[in-house]
Amino acid sequence: MVNTVRQLDRVVIRFAGDSGDGMQLTGDRFTAETAKLGNDLSTLPNYPAEIRAPAGTLPGVSSFQIHFADTDILTPGDTPEVLVAMNPAALKANLGDLKPGGIIVVNSDEFGRRNLTKVGYESNPLEDGSLESYQLHEVPLTSLTIAALDEFEIGKKDAARSKNMFALGLVSWMYSRSTEVTEEFLRKKFSAKPDIAEANIAALRSGWNYGETAEAFAVRYEVPPATLRPGTYRNITGNTALAWGVVASGIATDLPVFLGAYPITPASDVLHELSKHKRFGVTTAQMEDEIAAAGAALGASWGGALGMTTSSGPGVALKSETVSLAVSLELPLVVIDVQRAGPSTGMPTKTEQADLLMAFNGRHGEAPVAIVAPQSPSDCYNAALEATRIAVTYRTPVMLLSDGYLANGSEPWNLPDLNDLPDLTVAFADEPNAVDDKGEPVFLPFQRDPETLARPWAIPGTKGLEHRVGGIEKADGTGNISYDPANHDHMVRTRAAKIAGIDVPDLEVDDPDNADVLVLGWGSTWGPIGAAVRSLRNDGLPIARAHLRYLNPMPANTEKVLRGYRKVIVPEMNLGQLSFLLRGMFSDVDVVGYNQVRGLPFTSTELVDAFKEVISND
């Protein structure tokens, strides 16, 4: 049979199945194949928080969505054109998102009465005509996989586990992907179990060959490579980019890096990745709890290392007392908060942007810190470097606000040249910086740099620079314990002035049409906002956009920018935390919030509708 090959400029595919079906691995492997072909891409893993929800139920559905194209893209896509459903639960949970007329590939072996009843199907959707408006492909993935692996000395149950590789092979054929990258991956992953590796490869190839030979698939598709800036690319997730940014920060500062962490979703991968990089001077310690993790990181900074700690919302709350101590000690400390849906345990595998006010105020006393937020998975690398710059230059804790969407999402990343790293080397204090009443040289640990208001950073044990630190208020200059009211007022104001005076770039505005409505975002909303703004401009509607990387302090021109527009729309995955701050700082700016806390990123379609409504209202 000769298949028709059709060219497409972009495709959105969602793999969905039970959490034990290996959908994240399947999506990850398809992503790797797509990246090798040179498409631009963006991914959205979505999986249950429960370690193992009951098999075949709606709460147990896991999915992985990939959007790939021959041009630059900003989001993992709003509506999939292709849904691979491994069971009735996966079909029911995801069918509502599928584009009208889209392609459905189902594992027909799983559509028995028992599985249908589990999810409330009164009739079989493969037989009752409810899917007639879609391009339905019923493929007995389980039985075909078992048959393909008949020659291997593994049981049927083990053979059936490879059905995700059969599905991957089929979809790879449909979209003209090679299987070489995945075959190499499987041989490496199962190097200790070569029989398992070869069985999975056989299932993968069988799926590809099924597509090639089955008459049901008359059309296959091609998406040409995207035109990207010259360079060497790799696919990278936000958490991996964060970890590599931490490694680069150690190189840029010429400091040993210490990461104290306690495992928590979705931040744990940063610890996992950093633990591989001891050769770059990175030390990782999985501590007994979040408090110990932050304390160890601050202790490392006290000792002259670059102290960092990672967590998510509940863990950052536990670290708050240590962050306050770091504010008082005036030592560098980078606190990475990979935000998730709360409060409390909330929805730990889902994304949210609701820790912004905690980052601003979640401490006792007047304890301001700097706040930086990356805008895309690969930008997490740059944000880590920038957080480090601020921390070591101004001797302050810095909160880096990533989130679950950035952490698990991925995109192509143009590998940077290490020669382009900023010079963040630190000049430690090595000699007295004042004289006493007798004219003898002394060291004043809280005598400040007049430009940055940072105090000297002296490594303990440096001869002549012996000093003590602690949480009790310190006298200006000497650092001696002080309960003097005027001194406390001065120190509180000075620490606040230091944060307010941090040098950050101006807010850049993208406004080619002199619009009167501005969209202001922060963090991971960058992609959906960009896609929505691009769509509106294509329709001839003028709209401006800007994105805040620095939440505290905000760029010096922020007020001027906001006052230049009739309305300012602020989309956030919270109930209006940035809007609250902007209204407090710039009371007469017309801030219009667009807020959702669904545990999912915005779609560009919903933002288009929201922005149109604001533009059209006087």
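Predicted model: local features only at pLDDT ≥ 70, side-chain atom pairs only at ≥ 80, totals over all residues.

Leaving aside neighbours within four places in sequence, which residues is Asn 574 in contact with? I get Gln 353, Ala 354, Trp 522, Asn 595, Gln 596 and Val 597, where contact means heavy atoms within 4.5 Å.

Residues are numbered from 1 along each chain as its sequence is written, and side-chain values use heavy atoms, with hydrogens and water left out.

I placed Asn 574 in the loop between β23 (567-572) and α19 (577-585). Helices (H or I, at least four residues) and strands (E, at least two) are DSSP runs, numbered from the N terminus. Asn 574 counts as buried because its relative accessibility is 1%; buried is under 20% relative accessible area, exposed over 50%, partly exposed in between (1.4 Å probe, protein chains only).

I then checked distances. Val 597 is 23 residues from Asn 574 in sequence, yet the C-alpha to C-alpha distance is 5.4 Å. The Asn 574 side chain reaches the backbone oxygen of Gln 353 at 2.9 Å. A polar atom of that side chain also lies 2.9 Å from the backbone nitrogen of Gln 577.

Next I looked at β16 (residues 410-414), where five of five residues are buried. Strand β9 (residues 233-237) runs antiparallel to β16, joined by five bridges; strands pair if DSSP finds at least two bridges between them. Ile 236 has Glu 411 as its bridge partner.

Technical notes
Polar contact = N/O pair within 3.5 Å; in protein donor to acceptor, adjacent residues only side chain to side chain.
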